[in-house]
Amino acid sequence: MQEYLQESELVDFSTLNVKALASSLARGCESDVEIAERCFMYVRDKIEHSGDTKADVTTYKASDVLKQGTGWCYAKAILLAALLRANGIPTAFCYQRLSCSEYAEDAYCLHGLNAIYLKEYGWYRVDARGNKEGVNAEFTPPIEKLAFELQEHEFDLPERYSEPLPEVVEALKKYSCYDEMIENFPDFRG
């Protein structure tokens, strides 16, 4: 479990703004489930999805996602991991390969989400992408309520990763705005 509690360049939970928010969200909670739900709800509802707002900035470090108030699904998953790991809750990165037809015709891309280790339930996947019409992700352990139901030619990547996939990190660092990202979403070729 230790690898799912580590700090890293992107999951920078000891930075002042992330550490303060993690502590504030945990205040008064009596279980890891309560802490996880508060952190999930914060990232889902308070951090805008860069694709929905056509953001002119691409964030990738947890501290920057929080500072800018926006991030793609991958970046929101990084912030959620940082908040949870700061509170001692093991958190992994998970991915789905989904159609990106909302942005480009006949395109597929990776979609980033998290798996949280909850003492009462074990590993539980959540999707803090952000709700909108047709997207309704919830925190209802042990029942998963992710943002998207898989359609034909879409699938879950079966692994839990301690760090975001390299192709995701590369895209977030390389493409600095909405227009660049929608042309260069990371994809799974395996």
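**Entry 1: ground rules.** I call a residue buried when its relative accessible area is under 20%, exposed when it is over 50%, and partly exposed in between. I also keep in mind that this is a predicted model.

**Entry 2: strand 3.** I began with strand 3, residues 91–99. How many of its nine residues are buried? I find eight, so by the cut-off of under 20% I note strand 3 as mostly covered.

Next I looked for the partners of strand 3. With strand 4 (108–118), strand 3 pairs in the antiparallel sense over nine bridges.

**Entry 3: the largest pocket.** I then turned to the open space. The largest pocket comes out at about 330 Å³ in volume. I list 19 residues in its lining, and those that lie nearest the centre are Leu98, Ser99, Glu102, Tyr103 and Phe148. Which elements give two or more residues to this lining? They are helix 5 (73–86), strand 3 and strand 4. Strand 4 gives the most, with three residues. Sorting the lining by class, I get ten nonpolar, five polar and four charged residues.

**Entry 4: aromatic rings.** My search returned eleven aromatic pairs in the structure. In one of them, tyrosine 117 and tryptophan 123, the ring centres are 5.5 Å apart and the planes stand at 75°, so I record the pair as edge-to-face. Tyrosine 117 is partly exposed, at a relative accessible area of 28%, and tryptophan 123 is partly exposed as well, at 23%.

I looked at tyrosine 124 and phenylalanine 139 next. Their centres lie 5.6 Å apart with planes at 85°, so this pair too goes down as edge-to-face. Tyrosine 124 belongs to strand 5 (residues 122–126) and phenylalanine 139 to strand 6 (residues 138–140), so the pair ties together parts that are 15 residues apart in sequence. Are tyrosine 124 and phenylalanine 139 buried or exposed? Both are buried.

**Entry 5: a cluster.** Last, I noted that Trp72, Tyr103, Tyr178 and Phe185 form one aromatic cluster.

Notes. Residues numbered from 1 in each chain as written. Predicted model: local features only at pLDDT ≥ 70, side-chain atom pairs only at ≥ 80, totals over all residues. Heavy atoms only, no water. 1 Å grid on protein atoms, 1.4 Å probe; cavity = no way out; pocket = protein on both sides within 12 Å on 5 of 7 lines; lining within 4 Å. Points joined across faces, edges and corners; volume = space filled by probe spheres on them. Helix = DSSP H or I, 4+ residues; strand = E, 2+ residues; numbered from the N terminus. Nonpolar A, V, L, I, M, F, W, Y, C, P; charged D, E, K, R; others polar. Buried < 20%, exposed > 50% of the residue type's maximum accessible area, 1.4 Å probe, protein only. Pairing = 2+ DSSP bridges. Phe/Tyr/Trp six-rings, centres within 6.5 Å; stacked < 30°, edge-to-face > 60°.
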